[in-house]
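Subject: Structure handover

Hello,

Here is the structure I said I would pass on. Please open it and keep it beside this message while you read the notes below.

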Amino acid sequence: MSHRIRFLAGVLLSWAVVCAHAQAQGPLPGVPPALVEDIVVGSHILAEFGVLDGFGHVSARDPADPSHFLMARSLAPALVTADDIMAFDQDGNPIDARGRAVFLERFIHAEIYKARPDVMAVVHAHSPSVIPFSVSKAPLRAIYHNPAFLAAGVPVWDIAQEFGATDMLVRNNDIGRSLAAALGDKAVILMRGHGDVAVGPSVKAAVYRAYYTDVDARLQAQAIALGTEVTYLTVEEGAKADATNLMVIDRIWNLWKQRVQLQTSK
Ligand code: MN
């Protein structure tokens with residue numbers, strides 16, 4: 001065998017070993033495929049309903065290491081597939097980037113998972129209906145039972161208060177920490193002139209909350225426009241309705257999932 005052929009055979013063999021190893025390890029060891037599917041389906045659902053456009057992201061806490069989280073590489077939510085989901089450490093550094101671009105605002109997720117052990121999923125959106133409530137004095141409130149999680153209160157965080165004039169993005173850990181502190185124990189926070197973040201005990205819950213935050217904002221603006229006093233859910237009604245909603249969430253999730261799967265098979 002000539003030196004050249006032996007060399008090429010060696011290269012091919014090393015390549016095959018590397019591939020076999022990658023396959024055996026899997027891209028995300030210890031992560032249930034169903035969780036990855038929820039992140040993918042959730043991204044498609046929120047894109048389908050216009051809550052996310054080309055921007056925004058859905059993440060989940062990593063069950064293999066609860067200090068880590070899972071989210072897509074930098075990509076429009078409607079285009080996310082299972083192969084795009086990556087793991088990040090508690091500070092938002094990719095575990096194994098393999099050259100993939102990552103979201104600038106991953107620090108939103110990193111710092112909320114660090115501050116809130118109860119949170120298992122996070123959605124960041126530039127939800128159009130919500131923006132007016134992020135820049136005005138009208139507080140976003142729960143106007144009906146589906147967005148009951150808003151009744152506990154919706155803080156508004158203004159990046160300028162701590163960080164002065166920025167490009168408005170949560171592009172480092174300090175800014176993410178400030179946002180997570182302002183969120184406190186709530187389900188949703190508005191970001192002045194930017195968007196919102198919804199959190200929950202599962203991907204389904206966080207997606208549900210991101211969706212109904214957008215719907216609530218639209219309906220609240222309509223109710224205010226009627227020009228009379230508006231009656232909102234009380235804190236107690238909100239807590240009771242939220243518990244019920246979380247119990248029946250699969251019904252709406254399965255409907256949404258079927259809808260986005262029909263879209264992709266067209
Ligand atoms: Mn953003």
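**Helices H2 and H7**

The axes of helix H2 (residues 33-48) and helix H7 (residues 203-225) come within 9 Å, and they cross at roughly 10°. Angles under 35 degrees count as roughly parallel, so H2 and H7 are roughly parallel to each other. Please bear in mind that this is a predicted model.

On the H2 side, the contact is made by Leu35, Asp38, Ile39, Gly42, Ile45 and Leu46. On the H7 side, Val203, Lys204, Val207, Ala210 and Tyr211 meet them. Sorted by type, the residues of this contact are eight nonpolar, one polar and two charged.

**The sheet**

Seven strands form an open sheet with mixed pairing, in the order S3-S2-S1-S4-S7-S6-S5. Its edge strands, each pairing on one side only, are S3 (85-88) and S5 (156-157).

Within the sheet, strand S1 (residues 57-61) runs antiparallel to strand S2 (residues 69-72), and three bridges join them. Arg61 has Phe69 in S2 as its bridge partner.

H2 also packs on this sheet, where it touches S1, S2, S3 and strand S4 (121-125). The direction of H2 makes about 155° with that of S1. Helix H3 (residues 106-115) lies across S1, S2, S3, S4, strand S6 (188-191) and strand S7 (195-200). H3 runs at about 145° to S4.

**The manganese ion**

Which protein atoms are the donors of the manganese ion? They are OE of Glu105 and NE2 of His124, His126 and His194, lying 2.1 to 2.2 Å from the ion. Along the sequence, the donor residues are spaced E-x18-H-x1-H-x67-H.

His126 has a relative accessible area of 24%, so it is partly exposed.

**Asn146**

Where does Asn146 sit? Its place is in the loop between helix H4 (131-135) and S5. Is Asn146 buried or exposed? At 16% relative accessibility, Asn146 counts as buried. Leaving aside residues up to four places away in sequence, Asn146 touches Tyr208, Tyr212 and Asn245.

Regards

Methods. Residues are numbered from 1 along each chain as its sequence is written. This is a predicted model: local features need pLDDT of at least 70, side-chain atom pairs count only at pLDDT 80 or more; totals for chains, interfaces and linings use all residues. Side-chain values use heavy atoms; hydrogens and water are left out. Axes are lines fitted to C-alpha atoms, for helices over the stretch in contact, and angles run from 0 to 180 degrees between N-to-C directions. Helices (H or I, at least four residues) and strands (E, at least two) are DSSP runs, numbered from the N terminus. Angles under 35 degrees count as roughly parallel, over 145 as roughly antiparallel, 65 to 115 as roughly perpendicular and the rest as oblique. Contact means heavy atoms within 4.5 Å. Ala, Val, Leu, Ile, Met, Phe, Trp, Tyr, Cys and Pro count as nonpolar, Asp, Glu, Lys and Arg as charged, and the others, Gly among them, as polar. Donors are N, O and S atoms within 2.8 Å of the metal (3.2 Å for Na, K and Ca); water is not among the atoms, so sites may look incomplete. Buried means under 20% relative accessible area, exposed over 50%, partly exposed in between (1.4 Å probe, protein chains only). Two strands pair if DSSP finds at least two bridges between them.
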